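Please look over the structure below.

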Amino acid sequence: MRNKVLIIIPAYNEAESIEGVISAVKKELPDAGIVVINDGSVDATGSIAKGLGVRVVDLPYNMGIGAAMQTGYRYAALNDYDIAVQVDGDGQHPPDQITYLICPISEGKADMVIGSRFLEKVGYHPSLARGIGIKVFSTIISLITGQRITDTTSGFRAVNKGAIEFFTRNYPDDYPEVEAIALLYKAGFNIMETAVRMKERTGGKSSITALQAVYYMIKVLLSVFIDILKRVER
Amino acid sequence: MQLVQVIAIIFSISLLIGIVDLIRRGMIKEQYALLWLASAVILLILSVWRGLLDKIALAMGIAYPPSLLFLVAFLFLLLIVLHFSVIISDFSERNKRLSQEVAILKTMFEQYKEREEGK
């Protein structure tokens, strides 16, 4: 039996790039379901996506990437999907790489597969500050999980049905990527990384400014440590 | 009776009346008023019963017993504010869930409508 795959595209003011992302996903995976989570965009993101004939969930206000992705997972659970893949609306996750994420899951090798930019040298050169942050997160998460995880902040990831159901109940609110790994690990799910290529953003600007980056570091580290103490039920 | 005690009694009684009135008019739900009521009642007891106030203050090494009233009021405020943080966190989680459900239902309703119109 073939797995029902849902591509979840969280988008906040991505009118410039959303059309490219959707049409590329449709071309690469004609059988997959697509849902755009329009996180209170004030531009044409929602109407462009609807015009392309995909399902759009319009959140009533800007709820943040965490709540947006959780909405996608809830949509996946309600519609009985087997695999859910996060593909950001800004175009940095090339849809031709999605199959690399899905394969290990359909083969039952992992509950979540993270697309990593650092597993192989693929020519991604982060700035010094960003590089340090990435290194810190990677070290901490690797220590917690006891396995090497190189790209903890990558949002390009696929999860199976069990993890979808878990995420409908437990998903961090803001900057969720790193924390989600810790939560999944605590609940006993298997996590795996696979090498992917990512693109530079095609539209919009990075969700993080310099000052927010400091807050981001502190918030994520704190949340991860709280998660370790928290009770998590699978 | 010292002036400070009179002031403390008047203050505690007004607080108690104010809280009871807010509950009576339905402006505070009972579950959120419990801590307020408890603090007003205890402050009133300590204000009226000077002997008890003096005894506790002495046991705690507080030189001027009426300042114990400030400590009690402060501790209650801490408790009330902490209680609010818990309630707010709970509310924001429920609000998130509700918004997500409504948004998904709207999408699925449109899906359903399209299917009906296509018949």
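Predicted model: local features only at pLDDT ≥ 70, side-chain atom pairs only at ≥ 80, totals over all residues.

Strand 6 of chain A covers residues 157-160, and its residues are all buried. A:Arg157 and A:Val159 point one way. A:Ala158 and A:Asn160 point the other way.

Strand 6 of chain A has two antiparallel pairings to describe. Strand 4 (residues 83-86) of chain A is joined to strand 6 of chain A by four bridges, and the two run antiparallel. Here A:Val85 stands opposite A:Ala158. Strand 5 (residues 112-116) of chain A also runs antiparallel to strand 6 of chain A, with three bridges between them. In that pairing A:Arg157 is the bridge partner of A:Ile114.

## The sheet

Chain A holds an open sheet of seven strands. The strand order is 3-2-1-4-6-5-7, and the pairing is mixed. Strand 3 (55-58) and strand 7 (191-195) of chain A are the edge strands, each pairing on one side only. From one strand to the next, the twist averages 20 degrees.

Strand 5 of chain A pairs with strand 7 of chain A in the parallel sense, over five bridges. A:Ile114 takes part here too: its bridge partner in strand 7 of chain A is A:Glu193. Helix 4 (residues 98-106) of chain A packs on the sheet. Helix 4 of chain A touches strand 1 (5-11), strand 4, strand 5, strand 6 and strand 7 of chain A. The direction of helix 4 makes about 150 degrees with that of strand 4 of chain A.

## Helix 3 against helix 6

Helix 3 (residues 65-78) and helix 6 (residues 161-169) of chain A pack with their axes 8 Å apart. The angle is about 130 degrees. The two helices of chain A are therefore oblique to each other. Helix 3 of chain A passes helix 6 of chain A in a left-handed crossing.

Helix 3 of chain A contributes A:Gln70, A:Tyr73, A:Arg74, A:Ala76 and A:Ala77 to the contact. Helix 6 of chain A meets them with A:Ile164, A:Glu165, A:Phe167 and A:Thr168. By class, the residues of this contact are five nonpolar, two polar and two charged.

## Helix 5 against helix 7

Helix 5 (residues 128-145) and helix 7 (residues 176-186) of chain A pack at an angle of about 5 degrees, with axes 10 Å apart. That makes helix 5 of chain A roughly parallel to helix 7 of chain A.

From helix 5 of chain A come A:Phe137, A:Ile141, A:Ile144 and A:Thr145. They meet A:Val178, A:Ile181, A:Ala182 and A:Tyr185 in helix 7 of chain A. This contact has seven nonpolar residues, one polar residue and no charged residues.

## A:Gly40 and its loop

A:Gly40 lies in the loop between strand 2 (33-38) and helix 2 (45-51) of chain A. A:Gly40 has 18 C-beta neighbours inside 10 Å, so this residue counts as partly exposed.

Leaving aside residues up to four places away in sequence, A:Gly40 touches A:Tyr12, A:Leu59, A:Tyr61, A:Asn62 and A:Met63. A:Lys161 is 121 residues from A:Gly40 along the chain, and their C-alpha atoms are separated by 27 Å.

## Chain A with chain B

The contact between the chains takes 13 residues from chain A and nine residues from chain B. The side of chain B that touches chain A has three nonpolar, four polar and two charged residues.

Technical notes:
Residues numbered from 1 in each chain as written. Chains lettered and ligands numbered in written order. Axes fitted to C-alpha atoms, helices over the stretch in contact; angles between N-to-C directions. Parallel < 35°, antiparallel > 145°, perpendicular 65-115°, else oblique. Left-handed = near helix turned anticlockwise from the far one by under 90°. Contact = placed C-beta atoms within 7 Å. Nonpolar A, V, L, I, M, F, W, Y, C, P; charged D, E, K, R; others polar. Buried ≥ 20, exposed ≤ 12 C-beta atoms within 10 Å, placed from the backbone. Pairing = 2+ DSSP bridges.
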